[in-house]
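Subject: Handing over the structure

Hi,

Here is the structure I promised to pass on. Have a look at it first, and then read my notes below.

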Amino acid sequence: MEKKVTPYKDSELAKKKQVEQMFDNISENYDSLNRVISLGTDQSWRRKLIEIIKSTQPETILDVATGTGDLAIALADSSVKKIIGLDISAGMLSVGQKKINAKNLDQKIEMVQADSEDLPYDDDYFDAITVAFGVRNFENLDKGLQEINRVLKPGGIFVVLETSVPTKFPFKQGYKIYSNAILPTIGKLFSKDKSAYAYLSESASQFPFGEAFNNILKKNGFSNVKDLPQTFGVATIYVASKS
């Protein structure tokens, strides 16, 4: 990423700490607001990611930047034995833990507060690793991807769902208007953190996508990399493996 995007422009804190603070601030209404902002389409993207993961029949899954645990909970409906939902934000994890307890999934899903760039697991530990809308929040993208590669088993699958920018008319123009004007306005109306959704919009527009992100994955040790654009290119699913 050419430009370093942070949630709070006047803060002297490192991006990592700013992201933690931001998600703690918006954790209580994050789920409902996310549905509104994405017009519900994020759920269909997650379903496609889940089918890709399920097809490999993993026994252990790490969901990095799990947030409130939506993806981890959805992945529990499979033959998987253990899912770790990992996030830097205690606030997001707390909301997620309540949902897990309500669904009686606490024996299958464990929520862990940790740094994605310093994962507390041994080498070659997980069969599958997922990140949904989280890689653009890494302070050091290469370091975070290298850590994911380290704890993924050889032959294991890594699937990323992340925002991207449409490149074709009229979706490119429509996306620009939506992300620059409408999305931050919705965030300001419904969130107590006025900077959060402006950051989420800006970080999405600046993050490398498509072939550029494919190359970053390859540089950090992943193979068999492919990208699957979703909904006219407003999001992309990336699939990779560890040799």
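Below is what turned up, going from the nonpolar cores to the aromatic rings and then to a pocket. Please keep in mind that this is a predicted model.

Let's start with the cores. The largest nonpolar core has 28 residues, and the members that touch the most others are Leu62, Tyr121, Ile129, Ile148, Phe158, Phe213 and Phe222. Helix H6 is the top contributor, giving 4 residues.

Leaving aside residues up to four places away in sequence, Phe222 touches Leu145, Ile148, Asn149, Leu152, Phe158, Leu217, Ala240 and Ser241. There is also a second, separate core of 27 residues, with Leu71, Leu105, Ala132 and Phe133 among them.

Now the rings. The count of aromatic pairs comes to 8. One of them joins tyrosine 121 and tyrosine 125, a tilted pair with 5.6 Å from centre to centre and 35 degrees between the planes. Which of these two is buried, and which is partly exposed? Tyrosine 121 is the buried one, because its relative accessible area is 14% and the limit for buried is under 20%. Tyrosine 125 comes out at 39% relative accessibility, so this residue counts as partly exposed. Both tyrosines also belong to one aromatic cluster together with Phe126.

Phe213 sits in helix H9 and Tyr238 in strand S7, so their pairing ties together parts that are 25 residues apart in sequence. Both phenylalanine 213 and tyrosine 238 are buried.

Last, a pocket. The second largest pocket has a volume of about 190 Å³. Its lining is made up of 13 residues, and those nearest the centre are Pro166, Thr167, Pro229, Phe232 and Gly233. Sorted by class, the lining of this pocket has 6 nonpolar, 5 polar and 2 charged residues.

That's it from me. Happy browsing!

Technical notes. Residues are numbered from 1 along each chain as its sequence is written. This is a predicted model: local features need pLDDT of at least 70, side-chain atom pairs count only at pLDDT 80 or more; totals for chains, interfaces and linings use all residues. Side-chain values use heavy atoms; hydrogens and water are left out. A nonpolar core is a set of buried Ala, Val, Leu, Ile, Met, Phe, Trp, Tyr and Cys residues joined through side-chain atoms within 4.5 Å. Buried means under 20% relative accessible area, exposed over 50%, partly exposed in between (1.4 Å probe, protein chains only). Helices (H or I, at least four residues) and strands (E, at least two) are DSSP runs, numbered from the N terminus. Contact means heavy atoms within 4.5 Å. Rings of Phe, Tyr and Trp (its six-membered ring) pair if their centres lie within 6.5 Å; planes under 30 degrees apart count as stacked, over 60 as edge-to-face and the rest as tilted. On a 1 Å grid over the protein atoms alone, a cavity is a set of points where a 1.4 Å probe fits but cannot get out, and a pocket is an open set with protein on both sides within 12 Å along at least five of seven lines; lining residues have an atom within 4 Å of a point. Grid points are joined across faces, edges and corners, and a volume is the space filled by probe spheres set on the points. Ala, Val, Leu, Ile, Met, Phe, Trp, Tyr, Cys and Pro count as nonpolar, Asp, Glu, Lys and Arg as charged, and the others, Gly among them, as polar.
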